[in-house]
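Here is a short tour of one protein model, written for someone who likes to check the numbers against the atoms. Have a look at the sequence and the fold, then read on.

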Amino acid sequence: MELRVLKYFIAIAREGNMTRAAEILHVTQPTLSKQIKDLEIELGKKLFARTNYAVRLTAEGEILYKRALDIVTLAADTVDELKNMEAETGGNINIGAAESDSIRHIARLIRRLQSENRGIKVSIYSGDSEAVEYRLDRGQLDFAVVVRDFNPAKYNAVELPYKDRFGLICRADNPLSQKSQITIEDLKDEPIIVSRQAFAHDLRKWCGEAADSLNVVATGDIPFNLSLLVKEGLGSLVCFDKIINTGDGSDLRYIPFFPPLEAPMYIIWKKNADFTPAARKFREMLEF
């Protein structure tokens, strides 16, 4: 598979239309059709189901699409990394991060690094710990900020000087909003919205077997999106403090759990990683 052909494939998948994809890629439609036909022959799989007006991915096409995105991104990152290996200034740093107020600490380090080193740029990928570790393992990230246990045999780590505290975010008209703390008993009859990671790891740690009897009505990954479900009255959100606005002017309230449930934050990187000069300078800041 040629990288160029994978880029053609991705464009068609995104547009759902061969003509529009050809226009974006600045190639003729017959050329594009032939490249995709040759790719299907090479793989022995049908990648698109065609109609008179559109194309859609087959099941095999969906699998290739996910992999092709990773391959094309990794190729572009590799080119940038090689270009920056000998650069005395500048370069890119790729960081994956779970949603947390402790990212402020990372932001301060980045600001200091950029003030001392002209041309350094930072790319932030947001996702839960599992998602950012996946990208870290595949070389798509230099560092990852995680809120769960990690494998010390695979990664070096620095614990950030913050701990995130779990609590419940509910609407101001919810009777629970009048409480000063939330116990397991308070959650028994409450529709619960929670991130997949928090439910699988942290919530179970806090309430044990009682987690299985909770009325979980929605799960997701991005706290802001889940907070919109709270605003629409679907339930209350199990979440860290300080990442959703619950202050003055907000119709949401945050109440901490009791007993307290806290999550330490770590920034991790692969052991024996070959860093660019920019990433190396950032790591030295972390270890100082």
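Ala198 has a relative accessibility of 5%, so the residue counts as buried, the cut-off for that class being under 20%. Bear in mind that this is a predicted model. Ala198 sits in helix H8, which covers residues 196-207. Which residues does Ala198 touch, once neighbours within four places in sequence are set aside? The contacts are with Phe166 and Leu203. For a sense of distance, take Ser115: Ala198 is 83 residues away from Ser115 in sequence, and their C-alpha atoms are 36 Å apart in space.

In general, rolling a probe the size of a water molecule over the atoms shows where empty space is left. Here the count comes to 1 cavity of 30 Å³ or more, and the volume of the largest cavity is about 250 Å³. Its lining is made up of 21 residues, and those nearest the centre are Glu99, Ser195, Asp221, Pro223 and Phe240. Two or more lining residues come from each of H8, helix H9 (223-231) and strand E9 (236-240). Sorted by class, the lining of the largest cavity holds 12 nonpolar, 4 polar and 5 charged residues.

Asp221, one of the residues nearest the centre of that cavity, also has a charged partner. Its side chain meets that of Arg196 in a salt bridge, with 2.7 Å from N to O. Asp221 belongs to the loop between strand E8 (215-220) and H9, while Arg196 belongs to helix H8, so this pair ties together parts that are 25 residues apart in sequence. How exposed are the two partners? Asp221 has 37% relative accessibility and therefore counts as partly exposed; Arg196, at 44%, also counts as partly exposed.

The whole structure has 13 salt bridges, and the table sets out three of them.

| Salt bridge | N to O distance |
|---|---|
| Asp221 and Arg196 | 2.7 Å |
| Asp212 and Arg204 | 2.8 Å |
| Lys154 and Asp137 | 3.1 Å |

In the salt bridge between Asp212 and Arg204, Asp212 counts as exposed because its relative accessibility is 55%, a value over the 50% cut-off. Arg204 has 31% and so counts as partly exposed.

Now to the bridge between Lys154 and Asp137. Lys154 lies in the loop between E5 and E6, and Asp137 lies in helix H6 (residues 129-137), so the pair ties together parts that are 17 residues apart in sequence. Lys154 counts as partly exposed because its relative accessibility is 37%, and Asp137 counts as partly exposed because its value is 28%.

What is the sense of pairing between strand E5 and strand E11? Strand E5 (residues 143-146) and strand E11 (residues 262-270) run in the antiparallel sense, joined over 3 bridges. Within this pairing, Ala144 has Ile268 of E11 as its bridge partner. Strand E6 (residues 155-171) pairs with E11 as well, in the antiparallel sense and over 8 bridges. There, Tyr155 finds its bridge partner in Lys270 of E11. If you trace these strands on screen, remember that in a regular strand the side chains alternate between the two faces of the sheet.

Note on methods
Residues numbered from 1 in each chain as written. Predicted model: local features only at pLDDT ≥ 70, side-chain atom pairs only at ≥ 80, totals over all residues. Heavy atoms only, no water. Helix = DSSP H or I, 4+ residues; strand = E, 2+ residues; numbered from the N terminus. Buried < 20%, exposed > 50% of the residue type's maximum accessible area, 1.4 Å probe, protein only. Contact = heavy atoms within 4.5 Å. 1 Å grid on protein atoms, 1.4 Å probe; cavity = no way out; pocket = protein on both sides within 12 Å on 5 of 7 lines; lining within 4 Å. Points joined across faces, edges and corners; volume = space filled by probe spheres on them. Nonpolar A, V, L, I, M, F, W, Y, C, P; charged D, E, K, R; others polar. Pairing = 2+ DSSP bridges. Salt bridge = Lys/Arg side-chain N within 4 Å of Asp/Glu carboxyl O.
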